[in-house]
Every structure is written in C-alpha cells, then in structure tokens.
Amino acid sequence: MVWNIISALVENKPGVLFRVSNMFRARNFNIESLSVGPTEQSDLSRITVTIDSDEHVAEQLVKQLRKLIDVVDVTQLATDNTVYRELALLKLKAVDPTSKMEIINLANVFRGKVVDVSKSSVMVEITGTPDKIDAFRRLVEHYGVVQLARTGVSALPRGVVYE
Amino acid sequence: MVELSGSQALMRALEKEGVDTVFGMPGGANLPMYDELTRTNIRHILVRHEQSAAHMADGYGRIKRKAGVCFATSGPGATNLVTGIGTAYMDSAPVVAVTGQVPRAMIGKDAFQECDIIGICSSITKYCFQPRSVAEVPEMVKKGFYIAESGRPGPVLIDIPKDVQQEVADVTFPEIIRVRGYSPHVDPDIEQVGKAVELLLNAERPMIMAGGGVHISGAFHELQALAELLMIPVVTTFKGKGAFPENHPLALGPIGMHGHEEANKLILEADVLLAIGARFSDRSVGKFDEFGQKMKIIHIDIDPAEIGKNKSVDAPVVGDVKASLRALVKMLTKRIAKKHGESTWIKHIKEVRDAVHSNFKDHPREITARKSLMKLRELLPPESIVTTEVGQCQMWTSLFFDIIQPGTFFSSTGLGTMGFGFPASIGAKAAKPDVHVVDIAGDGSFNMTENSLAVSVLDNLPVIVFLMNNFSLGMVAQWQRLFYDRRYIGIDLKNVPDYVKLAESYGAQGIRAQSMDELDKAIRVALKSDVATVIDIHIDPEEDVFPFVAPGTGLKDMITAA
C-alpha cells in the first residue's frame, strides 16, 4: 500500500464534481480525501485526491480520471517533491483553566492557532500534513474531541512547472 | 447568426451531422422538438417502448459506424432509455440520445415527469449535456456527436429543457469545436509498436485475440494481413466474433465462457498473445489472475484506461486499431518475408481442432439449435447482418454460426441485455436496407421487446426473427440444472404466446418449424418475404450449451459436457 496524492485540473462548471466522485464510486475506488477549489485560471478547478492503495490501483484511478471529458489534466504527485497541506479545526473539551492552558501550549508547539474559546471548549486551527494533524489529534484526544472538521489535502508540486 | 428556437437549432444541428433517421417516442416534454421534426426530411421511426428506440439507434450506429439517434420525453421516457444506453456503453456503440426535460424553472422541484436523467446516466454515458440556453444547443450537439463517434465510441445524452426547446434566440453553428479534456490517441507510438514487433518476431506460439475494437475501427483487412503475414492463429472475444472470417484456416473462433473448445484450449498454450481492441473481460478470459500467467501480452487499444485494467501487459500499444495494425504490418514487412509452410505450432493447432471436431456429439433430437443454425448458415447469404438476443441462443450462435464476411455480426456482449437483438436488428435494417438482417432469438429474450413487430411491419423494416423456442429461460434453466441440482424456479414460459399468431396479429409472417425439413422451407420463405418473419423453431428445453467455463473459474477448467 502506498499513499498517493493525485491532482486533477477540471472544468469549472456544474456537475463536474459529481462526475468525478460518481466515477470513484462506480469503479470501486476507496479514496481517503478529496478537496476541490478554484485555481489561477477562472475556468478551471483543482481536485486533489489522496488514496492509500496498491500502485496499480492509483495508476488506474489516474487513467479513469483522464478518461472523463471534464478532466483536463491529471498528475500523480511524488510526495517528496510536493508541498501538501491540510487544515483541521478541532473543538476540544476544556472546562477548567488548566486544560485550556495546556491545549493552548500544545497548539503553539504544533504552530496551531486558537480561534475560539468558550466556557467549556477551545477550538484549534491547525495546518500541516495529514500526519501532523493526526499526531496533534492523538495528543489532545484525552481532553475530549467535541467536533472535528478537516479539509482534505491540497497540494502543488515544488518548483516551476511550464505547461 | 440566425434567430431560431431551441428545437429548430437542434434539428439544424442534427441535419448538419448527417442524421437521416431518428428512433423515438413523443411525450409532453419533447413535443416542441417533435413539432420541428415535421419540418425536416429526417425519417422518424415510432417505437412502442423507448428501450427499443435506444437499441435500434445502437444497431443502426454499429452498422453505419456513426451515431444512431433516439428521442424520448422526460421522466419515464428517459428512464426507459436507460437499459439501451447502458447496453451501448458496455459495447462502445455510438448513440446520441436526446431527451426532453421539464422547463428550467421546474428542475429540482419534483415536477410531473421530472427525473434527473443526467445523474442516472452519468456512469453509463461518455458524456451528458443539458443546454440551459438556446445558444448552447448547436455546440452541444456537435460536441455530442464528436464524443459519441470518436476514440472509443459510446453513448452521449443531450437533455433539453422544454422551455429551451421553445425559446427563440440568436444562434451560431460552429464549424470547429474543441473539447479541452478529450483528445483520443489515434496514431500509435512508434516505440511501442517496435516493442510489439520484437515480441511477435521472437514468438514460437503466437496467438491473436481480436476484440470489438477491430469492428469499431473497421480493421478487418489489416487484421487478416497481419495474421497471414506471420501465420498467427486468431481467436476472438465474443464481441470480436466476425472480426476475422470464421471459415479462414487460421480462425479458431471465440474464446470465453461459451467459447470454442479448441480456442479455449489453444490460447492457454500461446507464448505471445496479441490482444487487439479487447478488454480482457471475465467473460472472455475467466479468472484474471489465472489467465496468461506464462505468456507475454501485447495489447492494442485506443482507450489508455484499458491497458492494465484487468490484466497487466508486457507491450501496450495505445492507438486506433486500424492505424496500429497498419504500423505493425509496415514494420514487420521490413523485417521478414511472408511466412510459408506450416510451423509445428500451426500443425498442432490443426490437430487440436480436428480432435475437438471429431469428438463432438450433438443433442439426439432431430431438430437442435446447432443443426438449425447450420441450416441458417447454409441458406443465408454471407453479407447478411446477424444479431442475437441474450442467453443460450446467443451462445449457440457464438459456437455454431460462422460469420464469413467480417463486420456482419453484433450482439449485446457486454451488458448482456435480453430484448436487445430484435430492435437492434430493425435499426441495422434501417442502416442497411439492401441486405437480410436476422435476429437469432430465444423465446425469453424475444418476449421483452416483441412489440417492435409493429415497427418492423409499419415502417417497412422487414427482419427475420430466428426464434429457437425452448419454452423457457433456457440459460437460467441450464444453470439450475448444473449448479442447483435441478431445482427449477422461474424458468417455465409454457409456450405462451403462440408466436405464429403473435406475428400474424402484427401483420408479420409467422412460420412454425418442428423438423429440419420445415425449417429449410421456412428459411427460404423468409428470405423471399417482404414483411418481417418469425420462424418459431421448437427445440428441446434440455438442450444445453457446451463448452462452459463456470463463472469464477479459469479457461482451463472448461466443462465440455454435462
């Protein structure tokens, strides 16, 4: 099993995300995360998919993506030459001041930000590789994770790419 | 720029694509386009169920090698097309389906006869369009035909809201279109061809497996040239049946679940397999892991996603089959002279084939599926088009009916759609009215779309339904006999309806054949007839199809008799 990041440039129009995700379902690809958003070109969106699979499966996923008419370009990104990040929001249970202080300190160590504090909770925003987010989560799990939201991975290859 | 309604724009765009025939049925949401159809020279063929419209367009498209067109209204009209669209998708057949949709403002409101046909068809079409303005119509139609017909062909859906059909606006008809995310690889990479050539030249026991891509590309001459140049025996997939003349000395016939015994045996002995426009389906090669472990595989296909999908290969060639075979032959002729004489491999092939043929034991009855099909072959001119229903009738055709002229056979081989053959044969007749068209049928399948008899009679598209009637769902019965200890359920059709009377009630001709003599006469009458003929041939419900590679097993596990 290899962790793969696949980046697809797709037409920015209604129904495209459906076609892509429907293909994953129809062809039995079990993806780990999917993120979608605008790019430097207004008529294109970027879909970033991560999948933990055999290399053969990732290769098929790339080919099946390329086959979709709305998909303009697909790249399988090499993790060692790619900047990839995910953003997570964690709402942690913190009633007493000690817990709150501890969470704030841990968030600082992970270069996270405290974005909301209430009487009984602290919300931390953390950006990084999925591994880093997993590590932070394990560290603070015992406080109680009230809610968690992750964006899925966004990625770009390093250096300049001339197309 | 001209001012046109959406329906006028649609008709003009269809005419620009050279559409001369549309199969369909009107309803609430496509009335504006039907109204406009009256002002064109396009022939409309009214079906009795939209599934048949899609199958007719499919049969028409496969024979013309350009997109067949079907029309349906929104909601149930559109959902009735789904089986036909799915059939075309699985067999890479070019079809453009045009559906009416509820008006734009009603979409998503669960309006009367609304359904999300684009959502439903997304995984069984190459692409779906829904113009939201009149101006978009011409470009979407042009793109639709381009996508349906080019590369690996397939169905395209164009879903037009009723108010877009009615609205009038300024439109232009583009001469050139560009689909940014779509550019089929036609010409093969010369390095890939070179690798394939090396493998072929070093092969001791080469074998060609010709698939449906040979039909789609029309590469019959190229295939024969290559096979004869290197003296390579040719098996086909079932979809590839008839890509190579089946009376040719190098032809071994179809492989697969109900492939020819010699083909299934000999393909496993090959050291180099050249797969051409084939997708290594489970139905053809059995268990993926077991198939071809020891052989080197060359795989030519226009769809890069087919390379390595089911089977990893040693030398892929991505490109159009015809262009790729031409490149192969060109490179090969520079390297070697045409092979003459018989290699030990060819001698061995002949021995195996002769042994299989001399061991064959037919069913004891006087009239059997095999004898019926051989009689049909004897009397039917080779240029006639033959299609089939699905089930035992289809597999008997695979086994016992040789296609002599390449490109004259097609069937629902991928989706295996019962009810396909009869409407598809009508579509084929519309595409090529000057030849005989025969649907080799079973009673179970024919039941599903037999109301197309009305179309065949009223639209003067006479085809022959060669109905091998065993009063049951024979293939299911065979499985229950073999795998479920004869616990029969849901298979007995009790010879209802009376097919002679059924045919007559539609104004067609019905002839019963209960002996080989009667069958001989019936075929001769049918071939002279100018109306559709149903030949009702009574065969034994317990006549099984053998050989049989049970699902989930490999070709080597083939069962040759009960």
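Visitor: In which loop is the place of B:Pro497?
Guide: This is a predicted model. A cis peptide bond joins B:Val496 and B:Pro497, with omega about 0°. The place of B:Pro497 is in the loop between α20 (474-483) and α21 (499-505) of chain B.

Visitor: Is B:Phe280 buried or exposed?
Guide: B:Phe280 is not a glycine, yet its phi is positive, at about 50°. This residue sits in the loop between β12 (272-276) and α12 (282-285) of chain B. The cut-off for burial is 20 or more other C-beta atoms within 10 Å. B:Phe280 has 23 such atoms within 10 Å and is therefore buried.

Visitor: How is B:Gln113 classed, buried, exposed or partly exposed?
Guide: B:Gln113 also has a positive phi, near 55°, and is placed in the loop between β5 (95-101) and α5 (117-121) of chain B. Because B:Gln113 has 17, its class is partly exposed.

Visitor: Which are the edge strands of the open sheet in chain A?
Guide: The sheet has four strands in the order β2-β3-β1-β4 of chain A, with antiparallel pairing. An edge strand pairs on one side only, and this holds for β2 (33-38) and β4 of chain A.

Visitor: Which element gives the largest share of the side of chain A that touches chain B?
Guide: The contact takes 16 residues from chain A and 13 residues from chain B. On the side of chain A, α1 (16-26), α2 (55-67) and β4 (71-77) each supply at least two residues. The largest share, six residues, comes from α2(A).

Key
Residues are numbered from 1 along each chain as its sequence is written. Chains are lettered from A and ligands numbered from 1 in the order in which they are written. This is a predicted model: local features need pLDDT of at least 70, side-chain atom pairs count only at pLDDT 80 or more; totals for chains, interfaces and linings use all residues. Two residues are in contact if their C-beta atoms, placed from the backbone, lie within 7 Å. Two strands pair if DSSP finds at least two bridges between them. A residue is buried if 20 or more other C-beta atoms lie within 10 Å of its own, exposed if 12 or fewer, and partly exposed in between; C-beta atoms are placed from the backbone.
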